[in-house]
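Colleague: I'm new to this one and would like a close look at a single part of it. Could you walk me through it slowly?

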Amino acid sequence: MVTTTSPHIWLDEQNRAWIDDTNAKVIEVALDHLAYGWSAEEMQRQHPHLSLAQAYAALAYYYDHKPEFDRQVEESLRRAEALAGEAGDLPLLRRLRAAGKL
């Protein structure tokens with residue numbers, strides 16, 4: 001069942017927040033905001049498929065649910081670090097180090 005939570009934002013069956021009329025999740029906008037410090041205006045410039053209202057709605061939803069999103073981001077980072085550790089020393093990484101690119 002799809003649930004509309006606020007203007008421009010809806011939740012899918014897994015309780016993920018999506019931006020109306022796009023294939024973008026709120027977490028993607030939140031990550032851009034966290035990583036690059038983008039405002040809603042810059043978000044809309046970088047992602048022209050988003051309206052300014054959608055960008056503001058996504059950021060507002062993020063801030064309304066900040067602890068949940070921040071926990072998701074932390075869990076994703078831990079999973080990525082664990083997978084990188086499991087991957088070990090890949091041949092590509094060895095070549096890049098040998099070439100002085102890492």
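Which residues does Ile19 touch, not counting residues up to four places away in sequence?

Modeller: Happy to, and keep in mind that this is a predicted model. Leaving out residues up to four places away in sequence, Ile19 touches His8, Ile9 and Trp10, then Ala24, Lys25, Val26 and Val29, and finally Leu50, Gln54 and Ala58.

Now for the setting. Ile19 is among the residues with the most contacts inside the largest nonpolar core, along with Ile9, Ala17, Val26, Val29, Tyr61 and Phe69. That core has 21 residues. The elements that give it two or more residues are strands E2 (9-11) and E3 (17-19), plus helices H1 (26-36), H2 (40-46), H3 (52-64) and H4 (66-87). H3 supplies the largest share, 6 residues.

So let's stay with H3 for a moment: its 13 residues should span 18 Å at 1.5 Å a residue, and its end C-alpha atoms are 18 Å apart, which agrees. Its buried residues are Gln54, Ala55, Ala57, Ala58, Leu59, Tyr61 and Tyr62. Two of those, Gln54 and Ala58, are on the list of residues that Ile19 touches. An α-helix has 3.6 residues a turn, so residues three or four places apart point the same way.

Phe69, one of the core residues with the most contacts, also turns up by the largest pocket, where Phe69 lies nearest the centre together with Arg16, Ile27, Glu68 and Gln72. That pocket holds about 440 Å³ of space. H1 and H4 each give two or more residues to its lining, with H4 giving the largest share, 8 residues. By type, the lining divides into 8 nonpolar, 3 polar and 6 charged residues.

Notes: Residues are numbered from 1 along each chain as its sequence is written. This is a predicted model: local features need pLDDT of at least 70, side-chain atom pairs count only at pLDDT 80 or more; totals for chains, interfaces and linings use all residues. Side-chain values use heavy atoms; hydrogens and water are left out. A nonpolar core is a set of buried Ala, Val, Leu, Ile, Met, Phe, Trp, Tyr and Cys residues joined through side-chain atoms within 4.5 Å. Buried means under 20% relative accessible area, exposed over 50%, partly exposed in between (1.4 Å probe, protein chains only). Helices (H or I, at least four residues) and strands (E, at least two) are DSSP runs, numbered from the N terminus. Contact means heavy atoms within 4.5 Å. The expected span of a helix is 1.5 Å times one less than its number of residues. On a 1 Å grid over the protein atoms alone, a cavity is a set of points where a 1.4 Å probe fits but cannot get out, and a pocket is an open set with protein on both sides within 12 Å along at least five of seven lines; lining residues have an atom within 4 Å of a point. Grid points are joined across faces, edges and corners, and a volume is the space filled by probe spheres set on the points. Ala, Val, Leu, Ile, Met, Phe, Trp, Tyr, Cys and Pro count as nonpolar, Asp, Glu, Lys and Arg as charged, and the others, Gly among them, as polar.
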